[in-house]
Amino acid sequence: MNTAELGDRILNGDRRALARAITLVESGRSDHRSQASDLLAHVGKSGRQSLRVGLSGTPGVGKSTFIESFGMMLTAQGLRVAVLAVDPSSARSGGSILGDKTRMERLSRDRNAFIRPSPSQTHLGGVARRTREAIVLCEAAGFDVVLIETVGVGQSETVVSEMSDLFLLLLAPAGGDELQGVKRGIMEMADMILVNKADGDLKATATRTCADYAGALRLLRKRPQDPEGFPKAMTVSAVEEHGLEEAWGQMQSLSQSRRDSGYWDANRSAQAQYWFEQEVRAALLARLATSQARSEMERLGKEVRKGNLSPSAAADTMLDTLVAG
Ligand SMILES: Nc1nc2c(ncn2[C@@H]2O[C@H](COP(=O)(O)OP(=O)(O)OP(=O)(O)O)[C@@H](O)[C@H]2O)c(=O)[nH]1
Ligand SMILES: [Mg+2]
């Protein structure tokens, strides 16, 4: 099948074509890369937009359970939902794929849902590109909502928030001092904080935790993209399916307000610029890692150590060879 045919099938909402296309964008082979870029150009003309929702939270907070309940609630409303993951640690991937398959059992059988586990790629850059391209493909296939999950361990939140329209932080009920554990930078990215597990014995703690986070959010600098009342903290129970509709209502109202203000489009443009710069940096670093480049570094380094070349002159020479190569 050529890329135009594959693209047309995706535009018709064909899930098998979509799965196949994601496999194509995951490939590192250079002929696959060029097919992938033809395909993305082909489907990119559709102009369809999903709501891209990033979701982060520490292991065990209930991300998979939440996505299943939340996803089922959306599909029950007739919406089509795609789930992608950015999994920064290859070590974890075996477990998470298995875990998610069983934990998202109902959603994975739903005709209006499409779940794609994280590929077993190692570096975050590769996973980031693949996920961005998979988002575009899901969007072209007509999904209304694309959920992008990541486990909260440092850098991956930034990666996910830079490809999302809304960014949610899922937190567990906790004692007062654990509140400090959420890094300020992560808090600043959040459009909504959802305190999960607000059920049974944990309900009272969850309510208190939610109030604490609401207070902490109010202390942050006001962001121009936020209407009154955002960022917001709410309680949910993924297991008992409480608070999900309220959370969805808030997400819709926030995204509507961002569309109206023009922030939505401006943000997507800024994200495109961000990823362009990231790709250039990554490609330059990859060039620096080739054996040819390393031996040139070694050779120039020797001259610098002997005093035959100044550090900056050697750097200029090195950069010239990188750009030429
Ligand atoms: N009481 C209660 N337990 C929950 C809720 N949501 C999830 N859990 C439980 O928390 C545990 C972890 O849930 P997961 O959904 O696997 O959490 P996760 O964030 O996907 O975890 P990782 O994939 O390991 O990062 C499971 O035992 C769930 O049953 C909830 O709303 N209430
Ligand atoms: Mg999980």
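This is a predicted model: local features need pLDDT of at least 70, side-chain atom pairs count only at pLDDT 80 or more; totals for chains, interfaces and linings use all residues.
Residues are numbered from 1 along each chain as its sequence is written, and local features need pLDDT of at least 70, while side-chain atom pairs count only at pLDDT 80 or more. Side-chain values use heavy atoms, with hydrogens and water left out.

**View 1. Strand β1 is covered on both faces.** Let's begin with β1, residues 51–57, where strands (E, at least two residues) are DSSP runs numbered from the N terminus. Seven of its seven residues are buried, meaning under 20% relative accessible area with a 1.4 Å probe and protein chains only. In a regular strand, side chains alternate between the two faces of the sheet. Here Leu51, Val53, Leu55 and Gly57 lie on one side, with Arg52, Gly54 and Ser56 on the other.

**View 2. Phe276, Val280, Leu284 and Val323 make a nonpolar surface patch.** The patch covers about 370 Å². Helix α12 (residues 263–288) gives the largest share, three residues; helices are DSSP runs of H or I, at least four residues. One residue of this helix is Leu284. What is the relative accessible area of Leu284? The value is 37%, so Leu284 is partly exposed, a class between buried and exposed (over 50%).

Key. Chains are lettered from A and ligands numbered from 1 in the order in which they are written. Patches are made of residues with over 30% relative accessible area and no salt bridge: like charges are joined within 9 Å, nonpolar side chains (Val, Leu, Ile, Met, Phe, Trp, Tyr) within 5 Å. Accessible areas come from the Shrake-Rupley method with a 1.4 Å probe; for residues, only the protein chains shown count as cover. A salt bridge is a side-chain nitrogen of Lys or Arg within 4 Å of a carboxyl oxygen of Asp or Glu.
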